[in-house]
Amino acid sequence: MQKFLSKYVPIIQVLRDYDLKQLKADMISGSTVGVVLIPQGMAYAVIAGLPPIYGLYAGLVPLFIYPIFGTSRHISIGPVAIDMLILAAGLGFLAGSDPTEKVIFAIMIALMTGVFQLMMGFLKLGFVFNLFSRPVISGFTIAAPIIIIISQVGILLNIDIPNSQYIHEMVYYIWQHIQSTHLPSFGLSLFFISFLLLMRRYYSKIPESVVLVAITILVLSFISVSKWGVAQVGAIPQGLPEFTIPSFNLETIKQLAPNAFTLALIQFMTVASLSRAFARKHGYTVNPNQELIAIGSSNVVGSFFQSLPVSSSFTRSAISEQGGGETSLSNFFAGALILFTLLFLTPLFEILPEPLLGAIIVVSVSSLIDIKELKFLIHTKRRDALIAFITVISVLAIGIQEGIIIGLLSSVLALLLKMSKPTVAELGLIPGTRDFKNRNRFSEVKQIPGVLILRVDAPFSFVNAEFFKNYILEKSMNDTNALKYVIIDGTTIGDLDISAMDSLLMIIETLKKQGIELYISGLIGPVRDVIRKSDISTFVKSDRFFNTVHDGVVVALKKQDDQDNGNRLNEYKEICA
């Protein structure tokens, strides 16, 4: 029982080893994160088209739940800009402009997202993270901030833009109504953005949004911007969120499920990548399946207290680490600060101008547009860069969920194309060794007389079976080196399916008619097991299966020498020596 609890409730082990030094570090880092979370949470709720108070609710209960089940010591939980964008896309489609219905649906989506994540965690589906290749993640995290920034232009200019996930619709609407720009709001927006950017550049260790909010509250205590027509946050409920159980019906579940499932995957992608990065940096391990359970529990329990969907924040996690946080309990102290704010401080934020929240959003998400990543992909692997570009364009032009799906399909298609025409290397002997290397990459290699040695750099499956068959037969037939033997170096063949075995049989029979024998070397155990159970098991029982290429070459050369009293084997041994 103790082992079970330690595995699924990691906080038990954390508390068992907890000391005053860790307590102090977590209090400092958690309080710092909490101070940043207050303005960020309020601003991020606006992205989803919801009242700012729900951003604070999302920074409350989930922060107390995650440390109980989470295995990462450094990630910070709460509302995240990209999640709010996905939520906004779903709410805009389902709830339209009805604010009450938006809140109800948002909380229901939080619950369903958590349920999906819990199911994935208990079924140990953490490997699903591997579906999101780096180019797809890069493409999405570049496109999403662009949509978020465009969606905030309405707040910055005080233009009422219809809620949409399609960037071209928003840009076209802004262009049509640009003459309606409210100049005082626009002027304030420029000032707020400039202030945040300058603070970030020259005082990067100070949380710029917190400083700006504090100064704005102080100034607006003496000056009213409402007389200039600048929109303000307005009344914010004081006190804690009530416990409520979201009501469901089958039709609503069907409508919300696609958005909730997309959020579940995107959130897990974020949590898994961030937690792994911090674990690698600080020398500990995280369990992806347990992280699913932790973030899922945070969303489920949080939804009962009117929380929006939550996941890990890049910015706040970095602040937590830089602040010296040592365990996941830093989230607890951040949540405690939000609790204090909800009980006593919410009236202070009612006078904040809406352009301030828009400016915080724009500056916060602009750092996610990673152009360096695109340049890296272009210079390193152009195929991956193309996938990233396809994802970016799809998310911007077609929609968030659709764009992610297209990115995933592009990634899978690129993999299948690569597998269908993989690299097949012709090998030669490195003098003074028994090693065989690619003849196109190593000029010093020696070709073995009468022997063609090929290495297949991929699993042998239905995807590439025809390609391998045609390649090997064409290479064998056109070889001018009095070819008698073909040796396949199978060390890189990790799998073999039925289609591949059919092709292998055809290769054996075709080469045999031409007086050429086929040898295979270095197959791993599982592949040998498949062959033994197949129709070509007789091939394995013969003397054509070897542990190494060298062994196969020795047999091939000895047979040639026996046929014409040659000296090939001795010459080969001299080259090896």
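**View 1. Strand β6 in its enclosed setting.** In this predicted model, five of the five residues of strand β6 (residues 485-489) are buried, so the strand is largely enclosed by the rest of the structure. Y485, I487 and D489 point one way from β6, whereas V486 and I488 point the other way. In a regular strand, side chains alternate between the two faces of the sheet.

**View 2. The strands that pair with β6.** Strand β5 (residues 451-456) and β6 pair in the parallel sense, over five bridges; R455 stands opposite D489 of β6. Strand β7 (residues 517-521) also runs parallel to β6, to which five bridges join it. In this pairing, I488 stands opposite I520 of β7. Together with helix α21 (residues 498-513), β6 and β7 make a right-handed β-α-β unit.

**View 3. A nonpolar patch on the surface.** The patch is formed by I215, L218, V219, F222, I223 and W228, whose accessible area together is about 630 Å². One of its members, F222, is found in the loop between α11 (208-220) and α12. F222 is exposed, because its relative accessible area of 71% lies over 50%.

**View 4. The loop that holds G283.** G283 lies in the loop between α12 (250-282) and α13 (288-303). With a relative accessible area of 68%, G283 is exposed. G283 and I371 are 88 residues apart in sequence and 29 Å apart in space, C-alpha to C-alpha.

**View 5. Confidence along the protein.** The mean pLDDT of the protein is 85, and 95% of its residues reach 70 or more. Confidence is highest in helix α5 (residues 61-69), at a mean of 95, and lowest in helix α23 (residues 537-541), at 57. Where pLDDT is low, the predicted coordinates should not be read in detail.

Technical notes. Residues are numbered from 1 along each chain as its sequence is written. This is a predicted model: local features need pLDDT of at least 70, side-chain atom pairs count only at pLDDT 80 or more; totals for chains, interfaces and linings use all residues. Side-chain values use heavy atoms; hydrogens and water are left out. pLDDT is the predictor's confidence in each residue, from 0 to 100. Helices (H or I, at least four residues) and strands (E, at least two) are DSSP runs, numbered from the N terminus. Buried means under 20% relative accessible area, exposed over 50%, partly exposed in between (1.4 Å probe, protein chains only). Patches are made of residues with over 30% relative accessible area and no salt bridge: like charges are joined within 9 Å, nonpolar side chains (Val, Leu, Ile, Met, Phe, Trp, Tyr) within 5 Å. Accessible areas come from the Shrake-Rupley method with a 1.4 Å probe; for residues, only the protein chains shown count as cover. A salt bridge is a side-chain nitrogen of Lys or Arg within 4 Å of a carboxyl oxygen of Asp or Glu. Two strands pair if DSSP finds at least two bridges between them. A crossover is right-handed if, with the strands pointing away from the viewer, the path from the first strand over the helix to the second runs clockwise.
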